[in-house]
Structures are given as structure tokens and as C-alpha cells.
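Subject: Structure handover

Hello,

Here is the structure we spoke about. Please open it next to this email.

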Amino acid sequence: MKPDEELKQVAQEVSVCTRCNLHYSRKNAVPGEGPANAEILFIGEGPGFHENEQGRPFVGAAGKYLDDLLAKINMKRSEVFIANVVKCRPPGNRDPQPDELAACSEYLERQIQAINPRAIVTLGRFSMAHFLPNAKISEIHGQAMRVKGRLIIAMYHPAAGLHQRSLMSAIEEDFMRLPELIASHASQPDRQAAESADTTNNVREEKKEPKQLSLF
Ligand code: URA
Ligand code: SF4
């Protein structure tokens, strides 16, 4: 299947998915959006109130901040793909539960395979944990890591920056470094090697330390 067709297929399946309990309370599932050939894939946590209303990712306050951050690096939302680790809103914006994350991860993996991005930027600890289950975001944010051939850059969630002034400068610094970080680490052979590898970390792989590519 062509990438854009696969993304449409994932979105269609997500819209009627009943794999986890989050389907009971959702108004609209939020599969994610962006071009199939996006170079950067941003992955957030899950839909909040506004996203659940509209069926679109990052349309509330955190989304506006994300747009501002993208603007700082001369990027537009329409150039990047934005998805979440869970596609349906956890009631009251509670944390997604392990069974919900596990149930939803196949959709995210299919999106990653279809888009085959140069870099994946995780926003917040739940999307970081999809790739790096043992990492601490305070220790690795803004660094380039290689997980099964994919370039992963973990960042604080934009909502965390809105709530905690001290994190805002870290988020902005991490964003400003993003273009250079991607340019220096995203090589074509790695992307090709990654094309068929599932990036979900499971218990068997947890002990493996990710290769650290840069330290600031
Ligand atoms: N926060 C997220 O993690 N994802 C969204 O889509 C919106 C807010
Ligand atoms: Fe399905 Fe994911 Fe929604 Fe759960 S959160 S119902 S697994 S689409």
C-alpha cells in the first residue's frame, strides 16, 4: 500500500476502533495528521478536550504553543506529521494506562512505517517511553538517540512548558537545535535500515541501552 493510502487506512480503523476502553468515552478519535512524506513526526500523548471535540491533534493551548515553536524554526504545521501515542482521549485527561498504550501502539507503528520520517520527536514521557521505556526525560531531552535505526529526539511536552516556566526555556532551546540535530544525524542508510523494524520496545529489549549520539 502507498504511504498516503496506509495512513488513510489507519485513520479509518482508528475512527471505529474498540481495542481499548478509551473508545467508550471518546467523541472523536484523533488519528493524527500531516503529509505522508513528512520529514519529522511529532508524537504527543493523547487527545485532550478540544482534540476530542474536533478529531484533530494539538488544537488547544498546547497546540498553539507547538505552532509557535515550529514557527521559531521556520516550519509550518502543514509540513510535519503530528500524532499521539493514544488516539482517543483519556477521560479527564488522565494518564494513558499501560493496557491502552499497548492496544494503540500498532497504529502508531503503522504510521511510522508509512511516513518513514527522518526524525521522530516525542513530546512528553509517554511517547518517549514507546521508544525508550527506561529513559528519564529530564536526562535525555533534546538529545538524538538511535532506536532500531530510527532517530528519536525526546522533548518535554509543550503543555509542561505552559505549566512550568522553568521547562519553557528547555523546550525552546531543544526546538532551536532540532534542525541542526536532524541534519547531522539523519542519514539515509539508517532510514532504510529502519524501514521494516518495529520500534515498540518490549520487555525483552528493555535492558538494551540506546546508543547515545550526542550530549549537550
Ligand atoms: N496534548 C497531546 O499530547 N496531544 C494532543 O493532541 C493535544 C494535546
Ligand atoms: Fe483504539 Fe487506540 Fe482508541 Fe484505544 S485509544 S480505542 S486502541 S484507537
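Predicted model: local features only at pLDDT ≥ 70, side-chain atom pairs only at ≥ 80, totals over all residues.

Ligand 2
Ligand 2 sits in the largest cavity. Two elements give two or more residues to its shell: α2 (22-25) and α5 (98-115). Of the elements, α5 gives the most, with 3 residues. The residues around ligand 2 include four cysteines by name: Cys17, Cys20, Cys88 and Cys104. Also among them are His23, Arg19, Arg26 and Lys87. By class, the shell divides into 7 nonpolar, 1 polar and 3 charged residues.

Ligand 1
Ligand 1 has Gly44, Glu45, Gly46, Glu51, Pro57, Phe58, Asn84 and His157 around it. Some of these come with distances. A polar side-chain atom of His157 lies 2.7 Å from an oxygen atom of ligand 1. For Asn84, a polar side-chain atom is 2.8 Å from a nitrogen atom of the ligand. Phe58 uses its backbone instead: an N or O atom there lies 3.0 Å from an oxygen atom of ligand 1.

Aromatic pair
The count comes to 1 aromatic pair. Phe42 and Phe175 form it, and the rings are stacked. Their centres are 5.8 Å apart, with 5° between the planes. Phe42 lies in strand β1 (residues 40-44) and Phe175 in helix α9 (residues 165-185), so the pair ties together parts 133 residues apart in sequence. Both Phe42 and Phe175 are buried.

Best wishes

How values were computed
Residues numbered from 1 in each chain as written. Chains lettered and ligands numbered in written order. Heavy atoms only, no water. Phe/Tyr/Trp six-rings, centres within 6.5 Å; stacked < 30°, edge-to-face > 60°. Helix = DSSP H or I, 4+ residues; strand = E, 2+ residues; numbered from the N terminus. Buried < 20%, exposed > 50% of the residue type's maximum accessible area, 1.4 Å probe, protein only. Near = heavy atom within 4 Å. 1 Å grid on protein atoms, 1.4 Å probe; cavity = no way out; pocket = protein on both sides within 12 Å on 5 of 7 lines; lining within 4 Å. Sits in = over half its atoms within 2 Å of the grid points. Nonpolar A, V, L, I, M, F, W, Y, C, P; charged D, E, K, R; others polar. Polar contact = N/O pair within 3.5 Å; in protein donor to acceptor, adjacent residues only side chain to side chain.
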